[in-house]
Amino acid sequence: MTSTLPLDGVRVVEMSHMVMGPSTGMFLGFLGAEVIKVEPPQGDKTRNLTGMGAGFFPTFNRGKKSVTLNVKDKDDLARLHELLKTADVFVENFRDETLAKMGLAPEQLRKTKPSLIVASCKGFLKGPYEHRAAMDEVVQMMTGMAYMTGPTGRPLRIGSSANDIMGGLFAAYGVLAALIARERTGEGAAIRSGLFENCLLLVAQHMVQYDIEGTESPPMPERVFSWPVYDLFPTSDGRQIFVGAATDGQWEKLCKGLGLDHLLEDPRLQSRPDQIAARDWTLPLIAEVVASRPYDEMIRIMEENDLLFAPVTRPAEMYDDPHVNRPGGLFVSHYAGKKDFRAPALPVEMNGRPVVSMNVDIPSIGQHNAEILDALKVETAE
């Protein structure tokens, strides 16, 4: 089948591990690029993680080709340099000084091949912190993200590798911009994405509030509400449901849907500020109604009345969600030597179809050595 994806024909060489760098390669691969993952001879260490790290390698390395090279060996390092001569993009997440010693720094590579785009996934952009080590949790603590997520005195990281994934997304975004610019100029670019700066952007709304008003938002669990209802409620069978009413229309629908029509006529509740000020006595009324009905019935009531709501679920329960299981919601990947698994691709549709390459399997260690390295020998000989 002929590919019609945007990056068909683009070759990406990725030498990275964990989440940020691999997610960059994955995003480009889903858009149709050929992504060659360079691993050490024993394989990427992320392959062997367990527990909360068990999903790292399979999730973020779907659809790639695996080539093993020992970059500490001069011959293998030379092969890597030859491979990069065939590439459009190089994705890496090593320390700057380590790359320079191997002749892989962006400025070194682009002397040999000016059209090469180098995407560097780092902890920090250029500045006082650029040589610091960083991980997702580190930058969440540094930027105020953890402060805003947990209650006072208990900073809490958010429940996924969101910064790593978004950092990879911004690196891929930079690559796409560089590919467009290269069409005009023929010149590549050195792209640098920072984990810290990504997290800083995520908390920018709180920074700007302080800069404009001189006031700081409390952590999200203690926030001052801007809406009449925006809360969790337990159902009669012990489950939880999130219910919101952020507009006048939603407030009216909620009152009618829950049989609380009398609140619509209450003179104390005729404006949104009045409704917010009355939360201390209106929320218990809503909670009483929700607590009198089982979870499934509440979901039905919410859907029938077009209300703002969300069931509180665990990630594992997503495999049973009807919307997740719609055509194009999940893709099955073959994981050599392990169990096949289902995972989502890009959260984007193009012309009504998911944007994802045909192959989303996980390569075995060095699976594509013959295909890639043998072709490299022929090109070198020629």
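Predicted model: local features only at pLDDT ≥ 70, side-chain atom pairs only at ≥ 80, totals over all residues.
I have α1 and α8 down as oblique to each other, because angles under 35 degrees count as roughly parallel, over 145 as roughly antiparallel, 65 to 115 as roughly perpendicular and the rest as oblique. The axes of α1 (residues 20-30) and α8 (residues 162-185) cross at roughly 50° and come within 7 Å. For the record, axes are lines fitted to C-alpha atoms, for helices over the stretch in contact, and angles run from 0 to 180 degrees between N-to-C directions. Helices (H or I, at least four residues) and strands (E, at least two) are DSSP runs, numbered from the N terminus.

Residues are numbered from 1 along each chain as its sequence is written, and side-chain values use heavy atoms, with hydrogens and water left out.

On the α1 side I listed Met20, Ser23, Thr24, Phe27 and Leu28; the α8 side includes Gly167, Gly168, Ala171 and Ala172. Contact here means heavy atoms within 4.5 Å. Sorted by class, this contact has 9 nonpolar, 4 polar and 1 charged residues (Ala, Val, Leu, Ile, Met, Phe, Trp, Tyr, Cys and Pro are nonpolar, Asp, Glu, Lys and Arg charged, the others, Gly among them, polar).

**Parallel sheet**

Next I traced an open sheet of 6 strands, ordered β3-β2-β1-β4-β5-β6 with parallel pairing. Two strands pair if DSSP finds at least two bridges between them. β3 (65-68) and β6 (189-194) are the edge strands, each with a single partner, so one side of each has no neighbour in the sheet. From one strand to the next the twist averages 20°. Strands β1 (residues 11-15) and β2 (residues 34-39) are joined by 4 bridges, and arginine 11 has glutamate 34 as its bridge partner. Helix α3 (residues 74-85) packs on this sheet, where I found it touching β1, β2 and β4 (89-92), at about 150° to the direction of β1.

**Antiparallel sheet**

I also followed an open sheet of 3 strands in the order β7-β8-β9, paired antiparallel. β7 (229-234) and β9 (308-311) stand at its edges with a single partner strand each, so one side of each lacks a neighbour in the sheet. I counted 6 bridges between β7 and β8 (residues 240-245), with proline 234 bridged to glutamine 240. Helix α11 (residues 248-257) packs on the sheet and touches β7, β8 and β9. Helix α14 (residues 279-291) lies across β7 and β8, at about 40° to β7.

Rings of Phe, Tyr and Trp (its six-membered ring) pair if their centres lie within 6.5 Å; planes under 30 degrees apart count as stacked, over 60 as edge-to-face and the rest as tilted. That rule gave me 6 aromatic pairs. One of them is tilted: phenylalanine 124 and phenylalanine 196, 5.4 Å centre to centre with 35° between the planes. Phenylalanine 124 sits in the loop between β5 (117-122) and α6 (136-143), phenylalanine 196 in α9 (residues 195-202), 72 residues apart.

I then checked α6 against α9: their axes come within 9 Å and cross at roughly 45°, which makes the two oblique. Phe196 is also among the α9 residues meeting α6.
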